[in-house]
Every structure is written in structure tokens, then in C-alpha cells.
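Look over the model shown here. What surrounds the ligand, and how does the chain hold it? The report below takes the ligand site, then the backbone.

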Amino acid sequence: MTDCLFCKIVAREIEAEIVLETERALAFRDINPQAPTHVLVVPKAHHADAAALAEADDGLADDVLKAAHAVAVQEGVAPGGYRIVFNTGAGAGQTVFHVHAHVLGGRDLTWPPG
Ligand code: 5GP
Ligand code: ZN
């Protein structure tokens with residue numbers, strides 16, 4: 001998609017600190033981290049939100065979840081616990097409409113989230 005920030009990161013048109021790349025997913029550090037580890041995992045293909053990703057029906061959601069877990073392992077936060085968040089829709093705080101999993105860890109995470 002031409003005017004999508006995360007499509008541009010996938011295309012390397014905008015810089016990001018990439019931490020993991022798989023065939024169909026890309027993981028890069030959030031520009032405004034909310035935890036010591038805060039990585040965004042996106043499918044390379046454009047889908048607006050988690051609902052669209054769930055409907056993709058080609059195993060892509062699986063790939064994104066597996067990449068998110070691989071990031072947690074790579075970042076060393078898996079043993080202590082981490083959180084995978086998909087803000088879905090503006091009312092839930094989604095601001096970039098290319099689906100992304102937030103992988104958060106490295107500090108105590110309160111529940112419920114705000
Ligand atoms: P959302 O609010 O849609 O769930 O999450 C969007 C996330 O993208 C935010 O945490 C925000 O900090 C991050 N973000 C926004 N612009 C950029 C950018 O240009 N580069 C990177 N790496 N992260 C960004
Ligand atoms: Zn996109």
C-alpha cells in the first residue's frame with residue numbers, strides 16, 4: 001500500500017531497527033518504547049488490523065504469532081513473561097492501520113492494561 005508507514009518500513013523506504021525477519025513477517029523496535037523490550041511484528045503483506053489478518057486464512061496470522069514469540073526468545077524476555085498486544089480499532093488505541101503485534105517485556109506488566 002503506497003501510503004502506509006509500515007509498508008514503507010517493510011520496503012526499507014523508512015528506517016527502523018529491524019530485529020527479526022522471516023519470509024512473511026518483519027519485526028522492528030517501536031520508536032516510542034513502553035517497556036525495555038518493545039518490538040512491533042508485522043506481516044509483510046498489508047492487512048489493516050487483527051480482524052483482517054484473522055480473515056486472511058492463509059496461515060499468515062500463525063506466522064506473525066510465531067515471529068512474535070521468536071522475538072521474545074531472542075530478546076531474552078520469554079522466561080520472565082511477556083505480552084503480545086494487537087490494538088484493534090481506533091477505540092482500542094490503534095494508530096497505524098497496518099496490523100502489528102506489540103511484543104512487550106523486560107519489566108513487570110500490570111493487568112488489566114489501561
Ligand atoms: P498502535 O497505536 O497502532 O497500536 O501502535 C503503533 C505503534 O507504532 C506505536 O507504539 C508507535 O510508537 C509506533 N510507531 C509509530 N511510528 C513509528 C515509526 O515511524 N517507526 C517505528 N519503529 N515505530 C513507530
Ligand atoms: Zn501497510
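The shell around ligand 1 divides into 7 nonpolar, 7 polar and 2 charged residues. Here Ala, Val, Leu, Ile, Met, Phe, Trp, Tyr, Cys and Pro count as nonpolar, Asp, Glu, Lys and Arg as charged, and the others, Gly among them, as polar. In total, 16 residues surround ligand 1. A residue counts as near if one of its heavy atoms lies within 4 Å of the molecule. The closest are Arg-29, Asp-30, Gly-93, Thr-95 and His-102.

This is a predicted model: local features need pLDDT of at least 70, side-chain atom pairs count only at pLDDT 80 or more, and totals for chains, interfaces and linings use all residues. Residues are numbered from 1 along each chain as its sequence is written, chains are lettered from A and ligands numbered from 1 in the order written, and side-chain values use heavy atoms, leaving out hydrogens and water.

| Backbone atom of | Atom of ligand 1 | Distance |
|---|---|---|
| Thr-95 | oxygen | 2.7 Å |
| Gly-93 | oxygen | 2.8 Å |
| Ile-31 | nitrogen | 3.3 Å |

On its own, ligand 1 has 520 Å² of accessible area, and the protein covers 82% of this. Such areas come from the Shrake-Rupley method with a 1.4 Å probe.

Which elements give two or more residues to the shell around ligand 1? They are α1 (5-10) and β2 (25-29). The largest share, 3 residues, comes from α1. Helices (H or I, at least four residues) and strands (E, at least two) are DSSP runs, numbered from the N terminus.

Now the backbone. Arg-12 is not a glycine, yet it has a positive phi of about 60°. Arg-12 lies in the loop between α1 and β1 (18-21). A cis peptide bond joins Trp-111 and Pro-112, with omega about 0°. Pro-112 is in the segment after β5 (101-105).

How confident is the predictor? pLDDT gives its confidence in each residue, from 0 to 100. The chain has a mean pLDDT of 97, and 100% of its residues reach 70 or more.

Key
Polar contact = N/O pair within 3.5 Å; in protein donor to acceptor, adjacent residues only side chain to side chain. pLDDT = per-residue confidence, 0-100.
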